[in-house]
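Here are some notes to read alongside the model. Please keep the structure open while going through the points.

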There are 2 protein chains.
Amino acid sequence: MTISPLQKARYEYSPKLPGMLRSGISEITVKTGAPTQSVADQEVIAKLFPNTYGEPEITFEAGEAKDVTPTKKTVGVILSGGQAPGGHNVISGLYDALKALNPENTLIGFKGGPSGLIEDDFVVFDDPFINEYRNTGGFDIIGSGRTKLETEEQFAIAAEVAKKHGIDAIVIIGGDDSNTNAAVLAEYFAAHNTGVQVIGAPKTIDGDLKNEDIETSFGFDTATKTYSELIGNIERDANSAKKYWHFIKVMGRSASHVALECALETQPNICLISEEVAAKKMSLAQIANYIADAVEKRAANGDNFGVAIIPEGVVEFVPEFSKLIAEINELLAGAKADEFNALPTWADKYAFIEKGLTPESMDVFKILPTGIQQQLFLERDPHGNVQVSLIESEKLFSALVADELARRKEAGTYTGKFSPLHHFFGYEGRCAFPSNFDADYCYSLGYNAALLIENGFNGYLSKISNLSRPAEEWVAGGMPITKMMNIERRHGEDKPVIRKALVELDGKPFKFFEANRDNWAVETAYTFPGAIQYYGPAEVCDLTTRTLALEKGE
Amino acid sequence: MTISPLQKARYEYSPKLPGMLRSGISEITVKTGAPTQSVADQEVIAKLFPNTYGEPEITFEAGEAKDVTPTKKTVGVILSGGQAPGGHNVISGLYDALKALNPENTLIGFKGGPSGLIEDDFVVFDDPFINEYRNTGGFDIIGSGRTKLETEEQFAIAAEVAKKHGIDAIVIIGGDDSNTNAAVLAEYFAAHNTGVQVIGAPKTIDGDLKNEDIETSFGFDTATKTYSELIGNIERDANSAKKYWHFIKVMGRSASHVALECALETQPNICLISEEVAAKKMSLAQIANYIADAVEKRAANGDNFGVAIIPEGVVEFVPEFSKLIAEINELLAGAKADEFNALPTWADKYAFIEKGLTPESMDVFKILPTGIQQQLFLERDPHGNVQVSLIESEKLFSALVADELARRKEAGTYTGKFSPLHHFFGYEGRCAFPSNFDADYCYSLGYNAALLIENGFNGYLSKISNLSRPAEEWVAGGMPITKMMNIERRHGEDKPVIRKALVELDGKPFKFFEANRDNWAVETAYTFPGAIQYYGPAEVCDLTTRTLALEKGE
């Protein structure tokens with residue numbers, strides 16, 4: 001195996017624990033807070049979680065541990081869902097704390113995500129194994145997967161597997177859905193007296209697993225820093241060459257935290273925020289006009305270049321576009337799809353579409369570039385539905401802007417040049433070496449999870465807070481997952497789920513962006529964050545996100 | 001202006017000079033070597049450069065400077081062509097050396113590339129101005145441009161502008177074409193007794209400005225490290241998710257140095273090298289088969305994922321494809337384009353094409369994905385020619401591989417899954433903060449250029465060598481640009497030019513790749529370089545490229 005120089009050096013990095021966890025594993029005691037209740041729908045959720053609801057929040061503090069000669073434990077760990085930088089550190093922190101508690105403790109990793117638990121596909125960690133993954137990116141230590149643990153049958157198998165291995169606790173490292181399922185599994189284990197505990201760890205680069213208890217999900221810091229490195233480099237290129245408008249799509253299907261954080265770090269000319277598009281019920285034409293205004297103003301200053309950040313999911317937040325999609329799905333439902341497919345030419349198909357859509361939706365359809373018009377009708381999923389996720393929104397908007405600028409050129413209000421280029425950053429950031437922040441945060445989450453297990457908690461989320469401050473001041477503890485839940489309609493059913501955090505339009509990060517964006521749109525106010533640094537001055541290496549700093553008023 | 005924490009920290013970085021330049025500017029003397037001659041076509045080139053041909057190579061060494069009270073000088077500097085990390089450091093090194101030689105010396109920057117000289121569009125540098133750009137990426141300090149300085153008229157204007165400002169020397173920072181033009185300008189200035197010197201500095205991220213005198217062009221190190229960071233991250237993602245084949249296009253139209261260096265740094269499953277494709281006269285089908293073989297073998301091991309690096313210009317190196325392009329250009333020349341464009345449907349157009357192409361070219365055309373077929377005919381440049389540079393070769397090859405795998409599936413030899421994803425990395429790396437290597441190398445090139453000026457050289461390239469060793473051991477000097485020249489046919493004319501360096505198939509970097517690639521194709525031997533580090537252990541921060549190390553036998 002060839003190891004890069006950086007990887008070798010990162011093996012030696014000692015992640016920083018919260019000050020209160022530094023006094024030695026036998027010098028940590030539990031401070032119990034008040035009982036909790038869910039953020040909404042308390043009665044329903046209490047009834048769904050009779051064994052795990054209402055438990056208190058706890059924090060750890062220096063003091064004598066409950067039991068200085070702990071019994072030997074076996075713990076299982078699962079990586080669930082999309083990759084996020086730092087997953088390996090959650091596992092190494094968990095491993096180190098378990099071994100510190102009792103060298104005979106065992107940590108088992110289930111392979112390929114939750115399905116590994118059901119299929120009993122596992123590895124047993126030891127020092128050499130763990131040491132190869134310390135402070136590295138990726139989920140390749142055991143792989144990840146998207147199987148959801150949500151049925152009674154799965155839970156029963158999980159209980160069997162746990163029993164077979166003598167497992168005392170399972171740590172599930174995942175996003176909002178995975179942690180919701182962790183809570184349901186915890187309740188099942190409690191209700192069936194299995195004695196198995198479940199602890200969650202909050203992961204997602206999208207940043208949408210966030211609430212008053214989770215200041216940030218892990219991976220968001222590293223991923224946004226990686227995207228911001230690239231966006232900053234492109235900004236500098238744009239300002240050197242002075243001839244291209246770069247449309248940069250970033251990950252974020254249901255929330256625009258990634259786009260907003262990248263905008264705060266790089267100060268581009270334009271950044272769309274899906275939540276604002278939805279709140280203002282913006283049309284495609286309004287968005288294109290908004291961007292074209294910036295292009296026109298910059299062109300008037302002689303600046304025929306710029307940078308626009310587009311969140312992946314933004315078109316799904318445009319009400320008229322969602323309506324169009326719904327109509328198309330309806331238009332091609334069942335046998336009508338065959339009729340449509342049999343039409344020989346695109347012109348015939350277009351006539352069919354024109355007859356089938358409402359005039360309002362047809363108006364929207366008409367302004368789309370032909371490539372996207374065809375994509376909407378020709379590339380459908382197995383259920384015949386439009387695959388909205390395949391729509392390249394960065395290309396859609398640059399095409400709409402080009403059309404609008406052509407009109408303005410004709411009208412004589414715009415005389416510039418508009419040469420767009422397109423980029424998409426997603427996979428580039430999900431498996432980067434975790435930043436010092438994510439390396440420290442994740443290691444602490446894992447270490448802390450072992451303490452929650454040791455102290456007998458079930459259905460808790462490993463919680464590290466005060467994250468905008470130096471690690472010394474971080475607060476370690478746990479929070480019942482049920483506290484973060486409410487009831488939402490999902491696939492036609494009322495489900496208890498952790499609420500997905502959208503960008504708050506009255507929150508400080510968005511407000512800061514809003515206060516500055518008109519200036520950034522016209523001026524060239526680019527900021528160049530550069531590559532993530534792991535060594536060197538603390539003000540370069542140990543900063544977390546602008547989002548978190550602004551939320552904390554720093 | 002908002003400055004990122006890294007940018008602030010980089011302002012403080014002191015680039016490392018070659019040991020021989022560290023003894024103080026008045027303690028450096030010239031060691032003159034033997035007269036030089038051009039690498040080929042000596043007689044012709046000697047005749048074309050009567051005033052600047054045959055000058056000796058020189059190196060600097062510790063000793064008493066020629067003149068300890070140098071006369072006041074004015075120097076102009078130009079950034080020419082595409083951005084490359086480190087351009088700002090060439091300028092800051094030049095500035096610092098000029099000011100060290102005589103605080104009254106003046107450095108002028110011509111704006112927007114060579115056209116700035118012709119249009120007399122300039123800035124005068126001072127300390128606060130230069131300090132804002134030290135160790136930063138981009139060419140935004142004065143901008144760059146692609147105007148070529150090559151006509152007598154331009155030279156005459158340049159001489160006028162130089163005279164107006166009292167300019168003693170011009171430093172041209174550029175690639176092979178720009179340095180060729182620098183030599184021609186130097187000859188013109190000498191022939192017309194202007195007294196103006198010209199010094200070149202070797203820039204290009206493509207790595208194709210390389211020969212026995214130029215060990216590497218600046219920017220190649222930083223750009224390939226940035227691409228390798230991203231490719232490594234994607235490899236780690238591929239190996240975590242285990243479900244995608246990533247086809248990654250990297251910059252490099254005429255040479256594959258970038259692709260090769262990235263492959264050496266990241267050990268992907270596949271890397272195409274255009275020079276090999278040309279040498280082996282590979283067909284599209286052969287290339288697709290080669291990739292499909294790796295996909296099939298990996299699938300047999302249960303690995304339905306992988307990473308393939310595709311150099312931007314590779315399709316132009318496939319002989320049958322070049323022939324097809326030539327036929328298409330012929331087929332649509334003049335009035336025939338109107339006839340073609342008047343055909344109502346793609347089916348009609350296809351019939352026209354089938355009639356017009358030779359059977360061999362039609363065979364090639366047939367296997368292309370429809371999207372690319374249409375692109376070849378519908379998107380032509382103002383002269384009616386196919387825009388080969390617009391062809392997305394990463395998508396072309398993944399489509400051809402998918403077709404081949406479908407055939408193998410039918411034949412029963414392949415039973416895997418193939419889900420390709422596509423990326424293109426180019427703009428992301430051209431304006432990154434220069435690596436320590438590029439920061440040091442560029443600063444040294446600029447500093448050294450001032451010494452060449454001070455010692456009266458004209459038509460010389462600023463040359464820093466022994467680059468695979470620590471900066472202390474670097475060798476500083478100068479080389480007549482004419483030495484690197486030969487005669488080549490360009491646009492129907494014989495021209496004296498610096499030869500573009502292609503990947504040498506018997507060179508050590510390619511040989512190393514060739515010896516390992518069969519293993520890398522099937523095994524998962526990925527290496528993860530991570531983000532460029534500017535601080536921290538020297539073995540992480542001060543390494544240059546694998547290409548250079550292998551070439552130097554290290």
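1. This is a predicted model.

2. Which residues of α6(B) are buried? They are Q154(B), F155(B), A158(B), A159(B), V161(B), A162(B) and H165(B). Viewed down the axis of α6(B), these buried residues fall within an arc of 165°, so they line one face of the helix. As background, an α-helix has 3.6 residues a turn, so residues three or four places apart point the same way.

3. The other side of α6(B) carries exposed residues: E153(B), E160(B), K163(B) and K164(B). Here buried means under 20% relative accessible area, and exposed means over 50%.

4. Helix α6 of chain B covers residues 152-165, which makes 14 residues. From its first C-alpha to its last it reaches 20 Å, close to the 20 Å expected at 1.5 Å a residue. After α6(B) comes G166(B), with a positive phi near 65°.

5. Next, a strand of chain B. How many residues of β7(B) are buried? In this strand (residues 197-202), 6 of its 6 residues are buried. Q197(B), I199(B) and A201(B) point one way from β7(B), while V198(B), G200(B) and P202(B) point the other way.

6. β7(B) runs parallel to strand β6 (residues 169-174) of chain B, and 6 bridges join the two. One bridge pair is I170(B) with V198(B) in β7(B).

7. Now chain A, where an open sheet of 4 strands has the order β9-β10-β8-β11, with parallel pairing. β9 (270-271) and β11 (420-425) of chain A stand at the edges, each with a single partner strand, so one side of each has no neighbour in the sheet.

8. Within that sheet, β8 (residues 245-250) and β10 (residues 306-311) of chain A run parallel and are joined by 6 bridges. F247(A) stands opposite A308(A) in β10(A). Helix α11 (residues 284-300) of chain A packs on the sheet and touches β8, β9 and β10 of chain A. Its direction makes about 145° with that of β8(A). Helix α17 (residues 393-411) of chain A also packs on the sheet, touching β8, β10 and β11 of chain A. The direction of α17(A) makes about 160° with that of β11(A).

Methods. Residues are numbered from 1 along each chain as its sequence is written. Chains are lettered from A and ligands numbered from 1 in the order in which they are written. This is a predicted model: local features need pLDDT of at least 70, side-chain atom pairs count only at pLDDT 80 or more; totals for chains, interfaces and linings use all residues. Side-chain values use heavy atoms; hydrogens and water are left out. Two strands pair if DSSP finds at least two bridges between them. Contact means heavy atoms within 4.5 Å. Axes are lines fitted to C-alpha atoms, for helices over the stretch in contact, and angles run from 0 to 180 degrees between N-to-C directions. The expected span of a helix is 1.5 Å times one less than its number of residues. Buried means under 20% relative accessible area, exposed over 50%, partly exposed in between (1.4 Å probe, protein chains only). The arc is that of the directions from the helix axis to the C-beta atoms.
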